[in-house]
Amino acid sequence: MAQGRQLYDTTQSTQREWWWLNGEQRLPCKPAQWQQYKPELERALSEKYDAMRRDGINTGLLLDLTPWHIPYQIWRVSPVTVVNRNATELLGHSAVGGYKESLWDPAVDSLPPSSLLKHGGVNYAFRKFIQVHRDDANMLLEVDPWLEDSSSPGWPHAQYPFPSFPRRRVVLLLEDDLPTEFLQPDRFRKQNASDNRTKAGAVAAASLTSTAVASTDAENIVTAPQTAVRTDVADFPCEIYSCKWWWLSGVQKLPLNASRWIPYEPETQHRLTSAYLAERKTGCRDTASFDLSPMPYHVRWPKPALVTNRAVPELLGRQTFSSLPQFLWDVAPDQRPPLDPAHGAANAGHWRIVSGFAQVHNDDVELLGQFVNFLQDSNIPSWQHPRPRCRAVLCLCATAANDSEPPPVPAHAFVAPTTS
């Protein structure tokens with residue numbers, strides 16, 4: 001059996017591998033049908049997954065693969081019970097993205113050829129992900145409401161018949177060495193008192209004393225030479241040694257390259273870092289706004305918003321920050337600005353990306369709020385104003401090595417004090 005690549009250093013508590021199912025999306029399947037994502041995609045998927053968990057987001061767009069020239073997106077999805085009588089193969093079953101939930105819980109002889117599975121203790125059935133063609137992402141959002149509609153309407157896209165559309169594939173996340181309570185995919189399901197079997201993909205129940213501190217999510221630390229700078233996407237509750245800030249020049253679209261990221265002046269970098277650290281202490285995010293005066297701009301840090309308005313086809317089905325597509329922050333290593341090791345890299349544990357910062361002109365703050373609402377309201381036919389002046393802002397922070405996952409972010413606003 002071929003061995004899958006090991007994504008994490010064995011000294012770290014969590015190891016992850018990401019696989020997609022090639023060929024027919026049915027069980028049983030052959031182990032060779034499972035295809036492992038490339039290492040850089042696995043790192044990006046794990047980074048985004050941990051970021052979603054910290055933001056308390058259980059479903060939605062995980063990663064747009066456009067920066068890697070792949071016309072697909074990865075979504076985190078949840079099961080629904082099918083009651084629509086027109087979905088005959090799924091009727092009465094639990095479905096995920098239009099497939100039977102059992103596809104995410106294959107038998108042992110249908111699992112990927114992963115080295116992680118050789119010693120047990122690996123979870124692969126609890127969390128659900130799906131790969132969908134970028135052009136079909138909005139159609140994916142229609143699947144669950146249609147399956148749950150007891151009035152049993154027909155599939156609304158006759159030219160794109162279900163279940164052949166939307167074009168999608170099962171994605172399996174393998175996680176090793178998680179605490180026992182997270183390795184029980186059936187822990188929320190009703191079970192008979194006589195059923196003491198351990199489900200495939202979960203470890204037997206055991207005392208948490210040996211694993212209680214084993215996880216803390218490992219913060220996506222990837223295997224790398226000791227001299228390499230490690231990066232991650234997170235909002236992290238640990239000591240920050242320094243932050244570096246850049247804004248994206250030119251049109252806010254792909255392709256990205258390192259030369260498009262323009263660093264802020266040192267004094268502005270210091271003010272942004274001070275405001276960000278003050279914001280972190282409050283545990284708030286939503287409408288955090290950092291003043292750049294005397295420049296006529298603010299840097300904002302909103303939560304992501306999913307675009308559902310068909311009047312903006314280039315953003316439809318995408319997750320955005322301040323109306324800018326999320327993939328602007330999904331920068332591959334060769335697209336990132338260069339880091340000077342003198343800026344604390346030698347003393348800090350890791351450099352991490354904090355996604356979602358955007359620079360907006362002061363005169364367009366109200367306009368931006370209206371535009372974000374427009375993007376999420378499918379009942380507004382068109383946008384009648386100029387688009388707000390926004391630019392993506394990249395923040396890299398050097399942090400201590402020992403990080404832990406913060407509690408869910410409270411849903412209220414914080415405006416950082418202005419530093420003159």
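1. Two strands count as paired if DSSP finds at least two bridges between them. On that basis, this predicted model has an open sheet of 3 strands in the order 15-16-17, with antiparallel pairing. Strand 15 (305-306) and strand 17 are the edge strands; each has a single partner, so one side of each has no neighbour in the sheet. Strand 15 and strand 16 run antiparallel and are joined by 2 bridges. Within this pair, Ala305 stands opposite Thr320 of strand 16. As background, strands of a sheet pair through backbone hydrogen bonds, in either a parallel or an antiparallel manner.

2. Ser322 belongs to the loop between strand 16 (319-321) and strand 17 (324-325). Its phi is positive, about 50°, although Ser322 is not a glycine. Is Ser322 buried or exposed? With a relative accessible area of 6%, Ser322 is buried, because the cut-off for that class is under 20%.

3. His69 also has a positive phi without being a glycine, here near 60°. This residue sits in the loop between strand 3 and strand 4. His69 has a relative accessible area of 73% and is therefore exposed.

4. Helix 1 covers residues 39-54, which makes 16 residues. From first C-alpha to last, helix 1 reaches 23 Å, close to the 22 Å expected at 1.5 Å a residue. Gly56 follows helix 1 and has a positive phi, near 70°.

5. How many of the 16 residues of helix 1 are buried? The count is 12, so helix 1 is largely enclosed by the rest of the structure. Among the buried residues are Leu41, Ala44, Leu45, Ala51 and Met52, but also Glu42, Glu47, Lys48, Asp50 and Arg54. The cover over the buried residues of helix 1 includes strand 1 (15-21), strand 2 (34-36), strand 3 (60-64) and strand 4 (72-77). Strand 9 (128-133) and strand 10 (168-176) also contribute to that cover.

6. The whole structure contains 13 salt bridges. One of them joins the side chains of Asp50 and Arg16, at 3.0 Å from N to O. Asp50 is in helix 1 and Arg16 in strand 1, so this pair ties together parts that are 34 residues apart in sequence. Asp50 is buried, with 0% relative accessibility. Arg16 is buried as well, also at 0% relative accessibility.

7. The link spans distant parts of the chain, since Asp330 lies in the loop between strand 17 and strand 18 (350-354), 282 residues apart from Lys48. Both Lys48 and Asp330 are buried.

8. Another salt bridge brings together the side chains of Arg387 and Glu314, at 2.7 Å from N to O. Arg387 is in the loop between helix 4 (365-375) and strand 20 (390-399), and Glu314 is in the loop between strand 15 and strand 16, 73 residues apart. Where do these partners fall on the accessibility scale? Arg387 is partly exposed at 45% relative accessibility. Glu314 is partly exposed at 40%. Elsewhere, salt bridges with shared partners join Arg16, Asp50, Arg127 and Glu175 into one network.

9. Asn86 is placed in the loop between strand 5 (80-81) and strand 6 (94-96). Its relative accessibility is 43%, so Asn86 counts as partly exposed. Leaving aside residues up to four places away in sequence, Asn86 touches Trp146, Ser152, Pro153 and Gly154. A polar atom of the Asn86 side chain lies 2.7 Å from the backbone oxygen of Ser152.

10. The peptide bond from Phe162 to Pro163 is cis, with omega near 10°. Pro163 lies in the loop between helix 2 (137-147) and strand 10. A cis peptide bond also joins Ser293 and Pro294, with omega about 10°. Pro294 is in the loop between strand 13 (288-291) and strand 14 (297-301).

Terms used: Residues are numbered from 1 along each chain as its sequence is written. This is a predicted model: local features need pLDDT of at least 70, side-chain atom pairs count only at pLDDT 80 or more; totals for chains, interfaces and linings use all residues. Side-chain values use heavy atoms; hydrogens and water are left out. Helices (H or I, at least four residues) and strands (E, at least two) are DSSP runs, numbered from the N terminus. Buried means under 20% relative accessible area, exposed over 50%, partly exposed in between (1.4 Å probe, protein chains only). Contact means heavy atoms within 4.5 Å. A polar contact is a pair of N or O atoms within 3.5 Å; within protein, one must be able to donate a hydrogen and the other to accept it, and residues adjacent in sequence count only if both atoms are side-chain atoms. The expected span of a helix is 1.5 Å times one less than its number of residues. A salt bridge is a side-chain nitrogen of Lys or Arg within 4 Å of a carboxyl oxygen of Asp or Glu.
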